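Please open the model in a viewer and keep the sequence panel at hand.

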Amino acid sequence: MSIKGIFKRLIFGASAEPGEQTRSTKTVRNEYTFSERDKLVAQKCAGDLLRVFTESLNIANKSKNRETRESRLRVARDTLTELRTMEKKFPFLHLENLEAVETSIAEVEAETREMSAAQPKPKIITTIEESQNNKIGTWKDNQDVVHGLQFSATLQLRTPLRVLLRHGEIHTNINTKPPKIIKEMWEGIWVFKTKTFRELGCDVDEVAPGTHASDVGLVLPADYLPFLIAIRRVVELDEPIENRIKKLREMPMASDWKTYIEKHGGIEKIIRQFFPEFIDTIPKISAAIDELSELGLETPNRIAAAPDETLLSIKGIGQSKLKTIRDYCAGITKNRDADRVENVIR
């Protein structure tokens, strides 16, 4: 039986044959009491899981790339486990033809193992150019399931504005390389954009956009990305540090943004991330920072002007750390009277 045929026979409650539907209703009537809302919610959740299962196994079956097949098979297995759990919890849900589905998964897994044994160990990608070339090659091998490439920015405060603004951009010309957006590999990556369910021959709606990893945990890009962009538009201004700090403190916050601010430890912690106090950046003197601040020694020029005796009188500073402080201050050539430094990647 084809995989497409199996999907058509993986059925839930209201879609079952009349006889099956009657047995399911009877079970519910005799053993459990579920409201109509309960049933609708459960059926929707099950339907969403079925769509994920359908997409994953279809991609695994069609893909010629071992890593793609293995990752999609893991998703298919996990999703099928969730479907079975739901069937036990809600008797009005009914899965048909599970034996054929299991056999189909096993067959794709066996093919993947053979492919894995035949393919050489993948080369570790270390440069942006290698990453793009590798993506194009895999895309060409999987045109039956891959629509194109989509850029995914790293959703973190440190990510430059030039990168965040390109998140979600789609590249569909298989004969050309995608635009070079990043300068460092950590900033983002081009990922495969698979064809829709209907393009793959499955008459089901698309799954809602999923969450992405970020520096505050899993987030919805549609919610978190505007917050990151708003922050970066301020910190990357060509203005004095004091002006940018003031604008950050006065920036209007949408309700969801206030939650993100709290998850980051508050606006002052965000400010310190981009504009740390100078004495906090001097290496190996954490125990002496408070006393340096109390003495007003908070800028390169003030520390450079302080006598050795003054610095050596501070607990935690000896001859070795004194040299570290002197060398570090001498290395600062701009804004030597500023008590903060800039830590903004553009």
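**First stop: glutamate 206**

Select glutamate 206 and display its surroundings: apart from neighbours within four places in sequence, it is in contact with Arg51, Thr196, Phe197 and Arg198, contact being defined as heavy atoms within 4.5 Å. The model is a predicted one, in which local features need pLDDT of at least 70 and side-chain atom pairs count only at pLDDT 80 or more, whereas totals for chains, interfaces and linings use all residues. Residues are numbered from 1 along each chain as its sequence is written, and side-chain values use heavy atoms, with hydrogens and water left out.

Glutamate 206 belongs to the loop between β3 (188-194) and α8; helices (H or I, at least four residues) and strands (E, at least two) are DSSP runs, numbered from the N terminus. Its relative accessible area of 43% makes glutamate 206 partly exposed, on a scale where buried means under 20%, exposed over 50% and partly exposed in between (1.4 Å probe, protein chains only).

**Second stop: the whole chain**

Zoom out to the protein chain, whose secondary structure comprises 16 helices and three strands. Of its 346 residues, 40% count as buried. Among contacts between residues at least 6 apart in sequence, 68% join residues at least 24 apart.

Which residues touch the most other members of the largest nonpolar core? Select Tyr224, Phe227, Ile231, Phe274 and Phe275, which hold that position among its 39 residues. A nonpolar core is here a set of buried Ala, Val, Leu, Ile, Met, Phe, Trp, Tyr and Cys residues joined through side-chain atoms within 4.5 Å. At least two residues of this core come from each of α6 (128-141), β1 (146-153), α7 (161-164), α8, α9, α10 (255-263) and α11 (267-274). Helix α8 supplies the largest share, nine residues. Another core, of 19 residues, lies apart from this one; Leu57, Ala60, Leu73 and Leu93 are among its members.

Select residues 221-235 (helix α8) and 241-250 (helix α9), which pack at an angle of about 155° with their axes 9 Å apart. Helix α8 is therefore roughly antiparallel to α9. Axes are lines fitted to C-alpha atoms, for helices over the stretch in contact, and angles run from 0 to 180 degrees between N-to-C directions. Angles under 35 degrees count as roughly parallel, over 145 as roughly antiparallel, 65 to 115 as roughly perpendicular and the rest as oblique.

Show side chains at this contact: Ile231, Val234 and Val235 of α8 meet Arg244, Lys247 and Leu248 of α9.

From α8, the contact involves Asp223, Tyr224, Pro226, Phe227 and Ala230, and from α10, Trp257, Tyr260 and Ile261. Within this selection, Tyr224, Phe227, Trp257 and Tyr260 are linked by ring pairs into a cluster; rings of Phe, Tyr and Trp (its six-membered ring) pair if their centres lie within 6.5 Å, and planes under 30 degrees apart count as stacked, over 60 as edge-to-face and the rest as tilted.

Continue to histidine 264, in the loop between α10 and α11. Is histidine 264 buried or exposed? Its relative accessibility is 11%, so histidine 264 counts as buried. Beyond neighbours within four places in sequence, histidine 264 is in contact with Leu157, Asp215, Val216, Tyr224, Phe227, Lys269 and Ile270.

Phenylalanine 274 and phenylalanine 275 form one that is tilted, with 6.4 Å centre to centre and 50° between the planes. Phenylalanine 274 is buried, at a relative accessible area of 1%, and phenylalanine 275 is buried at 0%.

**Last stop: two positive phi values**

Most residues other than glycine have a negative phi. Select lysine 284, in the loop between α12 (278-281) and α13 (289-294), where phi is positive, near 70°. Lysine 284 counts as exposed, at 66% relative accessibility. Finally, select asparagine 335, in the segment after α16 (319-330); its phi is also positive, near 50°. Asparagine 335 is exposed, with a relative accessible area of 61%.
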